[in-house]
Protein chains: 2
Amino acid sequence: MTTSTRDGRNGAATLEQVAKVAGVSRATVSRVVNGSPKVSDDIRRAVEAAVAELGYVPNRAARSLVTRRSDSIGVVIAEPSGRLFTDPFFPRVLRGISAYLSSRDLQLVLLMPAAGETHRTADYLTAGHVDGALLVSLHDDDPLPGRIAEAGIPMVVSPRPRRPLAASYVDVDNAGGAHSAVAHLVGNGRRVVATIAGPQDMAPGVDRLTGYREALRDARLPSEPDLEAVADFTQEGGAVAMERLLKARPDIDAVFAASDQMAAGALSVLAASGRRVPEDVAIVGFDDSAVATTTSPALTSVRQPVEEMGEEMARLLVAAVERSDPAPRRVILATQLIRRASSAGRRVP
Amino acid sequence: MTTSTRDGRNGAATLEQVAKVAGVSRATVSRVVNGSPKVSDDIRRAVEAAVAELGYVPNRAARSLVTRRSDSIGVVIAEPSGRLFTDPFFPRVLRGISAYLSSRDLQLVLLMPAAGETHRTADYLTAGHVDGALLVSLHDDDPLPGRIAEAGIPMVVSPRPRRPLAASYVDVDNAGGAHSAVAHLVGNGRRVVATIAGPQDMAPGVDRLTGYREALRDARLPSEPDLEAVADFTQEGGAVAMERLLKARPDIDAVFAASDQMAAGALSVLAASGRRVPEDVAIVGFDDSAVATTTSPALTSVRQPVEEMGEEMARLLVAAVERSDPAPRRVILATQLIRRASSAGRRVP
DNA sequence: GCGTCGTGTGAGAGCGCTCTCACGATGTCG
DNA sequence: CGACATCGTGAGAGCGCTCTCACACGACGC
């Protein structure tokens with residue numbers, strides 16, 4: 001290392017300077033920096049030495065200008081879907097996304113549009129500021145995916161969109177997770193298994209309900225409307241749903257809630273009604289969030305590989321951007337049932 | 001609107017084309033787009049019409065290349081500080097940051113470096129890819145702020161750094177919040193008030209402990225080492241600390257925990273020891289996170305204006321970038337005590 | 001020994017924008 | 001009525017990079 005090191009930003013070295021130091025042309029330095037194979041070994045070494053000496057970092061703007069790629073990916077996290085404020089789902093997805101993008105030297109541009117900013121967000125994404133978009137947790141009626149598809153920008157969404165959409169998606173096996181939860185309850189001797197379902201305008205809500213029904217059918221238990229209450233993934237919603245269920249069917253001996261938050265709400269209602277958990281009523285949640293361990297008793301819950309989802313989304317998107325491969329792909333990740341006290345033991349008849 | 005609309009990205013209109021349609025020069029269009037005052041009204045209108053007609057959006061890369069500004073801000077969220085996975089603090093801060101940046105048409109580039117990537121992150125930030133940096137929740141020994149300061153990149157950190165640092169910061173009034181929590185407990189007739197403190201290598205941990213001590217002093221209650229246990233903001237840590245406290249001082253009648261997670265851990269230990277909350281022992285948490293309402297009883301907690309913190313950080317940073325004003329500023333936001341069942345009522349002596 | 005090819009390198013154009021500077025038109029003053 | 005500001009506009013350079021194309025050079029075949 002000699003005298004000249006990078007000094008902040010304004011003194012940043014340019015290709016030109018590296019070329020002069022290495023005694024080659026600008027074009028050759030560019031080739032080395034971009035890993036072109038058609039450079040002789042000795043020249044490559046000379047250039048690399050010059051790059052190191054000057055602390056050269058390519059100017060992204062200049063490169064983008066000519067390549068017409070921004071080397072950045074937009075990540076859209078939609079308006080507070082309750083989830084935003086109650087469990088650390090988003091940071092974990094972002095971690096997964098970030099890990100993959102940074103390994104590929106891509107920028108993660110985060111967009112958290114407020115309500116009513118859909119238009120603005122779509123404008124931004126379609127203006128060529130990003131090479132692709134990752135859409136997390138949109139509602140089914142959001143016009144964003146449509147606008148992006150129209151503009152021909154590659155995208156990957158999660159969860160599974162319920163309307164047909166020419167886009168790749170990544171999701172967890174919601175139905176399978178619900179199925180395993182209910183099978184677990186039935187396996188413990190429960191016979192009157194209710195569910196507090198999530199909102200039916202999002203795939204996770206729908207799929208978890210489907211999984212519940214299929215598990216009952218597989219266990220040859222009747223699936224009754226009385227045993228199903230739809231709520232909104234929140235604690236308050238879960239509490240209200242539980243009250244409704246108990247009123248209709250006081251003989252309930254197990255509950256599968258489609259989120260931990262709703263399970264927590266149900267728990268307080270069960271306690272208030274004088275029922276013991278898990279002795280009288282067993283309960284299983286979904287998400288395996290922080291809440292699951294703070295309730296008493298702690299919640300059995302379905303864990304999803306959240307970071308992995310983010311990583312997989314990023315991987316699919318980058319592949320689509322690079323190969324400009326329009327064939328949509330689907331990735332479904334497995335869930336895992338985490339057993340805790342809320343569904344322990346076996347009911348004594 | 002005529003035939004020519006923007007078609008995705010490649011067909012994007014350029015200044016040149018807008019100029020031709022409007023019948024003026026490229027320079028004039030540039031002036032209009034950038035809001036220069038020295039353009040006559042009729043020409044301005046003509047240009048604006050042409051811009052609308054062509055759906056013109058300035059090319060960020062080209063602009064950056066000449067202005068030598070990236071119009072983007074780096075936001076660094078450090079390695080899982082526990083907090084990342086247990087409460088929705090980060091999404092909320094990000095929301096605040098995002099809201100302000102998008103109002104100023106600035107890109108939010110998110111960095112979530114994994115352990116050991118500090119060097120890489122610093123390289124990125126100092127390479128001129130961003131105009132400024134927001135550092136959230138770093139540990140005191142993180143070398144990142146130093147590197148950034150060295151490179152002369154504007155930055156704002158949160159929480160308050162404990163080592164002297166020539167940077168602006170935003171934080172909540174941790175000491176004040178803790179003080180109000182303890183005053184509340186004392187006001188309810190509690191006399192043996194313990195605390196489960198946070199890690200002492202971060203300002204929030206230190207400041208909340210300080211607030212606790214000051215409140216005891218103000219209430220003319222003795223501050224005893226026996227009544228203080230340090231934990232790590234997690235539920236497990238809180239449980240262990242509570243056990244330690246009970247062993248040393250079985251007569252404890254109130255606990256101030258520096259996080260809701262720790263309060264939740266303490267709650268389970270108190271229950272296991274046969275103590276009733278709030279009748280025998282009252283407890284107050286900090287953060288007012290989702291956990292606070294799922295425990296039983298629900299936790300009284302100190303609420304912090306998280307979104308506001310993010311917004312304020314962004315505001316300070318943008319001001320520093322624009323005015324290249326190196327004078328560090330400090331902003332401390334007020335907290336609010338949210339009363340719930342865990343500290344209700346009054347002890348019957 | 002001359003054409004032909006392949007291979008590594010350099011010259012140069014140009015990506016879309018901003019910004020300085022020059023210039024013509026208009027207004028102001030002595 | 002000429003000298004001089006003032007103001008709005010246009011011409012043109014140049015930001016740092018990539019990429020096409022031409023060229024020099026050695027290897028090869030006839």
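In chain B, helices H1(B) and H2(B) are roughly perpendicular to each other (a label for angles of 65 to 115 degrees). H1 (residues 15–22) and H2 (residues 26–33) of chain B pack at an angle of about 100°, their axes lying 8 Å apart. From H1(B), the contact (heavy atoms within 4.5 Å) involves Leu15(B), Glu16(B), Val18(B) and Ala19(B), and from H2(B) it involves Arg26(B), Val29(B) and Ser30(B).

This is a predicted model, in which local features need pLDDT of at least 70, side-chain atom pairs count only at pLDDT 80 or more, and totals for chains, interfaces and linings use all residues. Residues are numbered from 1 along each chain as its sequence is written, chains are lettered from A in the order in which they are written, and side-chain values use heavy atoms, with hydrogens and water left out.

Over all chains, 34 salt bridges are found, a salt bridge being a side-chain nitrogen of Lys or Arg within 4 Å of a carboxyl oxygen of Asp or Glu. Three of them are listed here.

| Salt bridge | Closest N and O atoms |
|---|---|
| Asp287(A) with Arg208(A) | 3.8 Å |
| Asp251(A) with Arg249(A) | 3.0 Å |
| Arg315(B) with Glu311(B) | 3.6 Å |

Asp287(A) belongs to strand S9 (residues 282–287) and Arg208(A) to helix H10 (residues 203–218), both of chain A, so the pair ties together parts 79 residues apart in sequence. Both Asp287(A) and Arg208(A) are buried (under 20% relative accessible area, with exposed meaning over 50% and partly exposed in between, for a 1.4 Å probe and protein chains only). Arg249(A) is buried at 15%, whereas Asp251(A) is partly exposed at 38%. Arg315(B) and Glu311(B) lie four residues apart in helix H14 (residues 306–323) of chain B, about one turn of the helix.

Methods:
Axes are lines fitted to C-alpha atoms, for helices over the stretch in contact, and angles run from 0 to 180 degrees between N-to-C directions. Helices (H or I, at least four residues) and strands (E, at least two) are DSSP runs, numbered from the N terminus. Angles under 35 degrees count as roughly parallel, over 145 as roughly antiparallel, 65 to 115 as roughly perpendicular and the rest as oblique.
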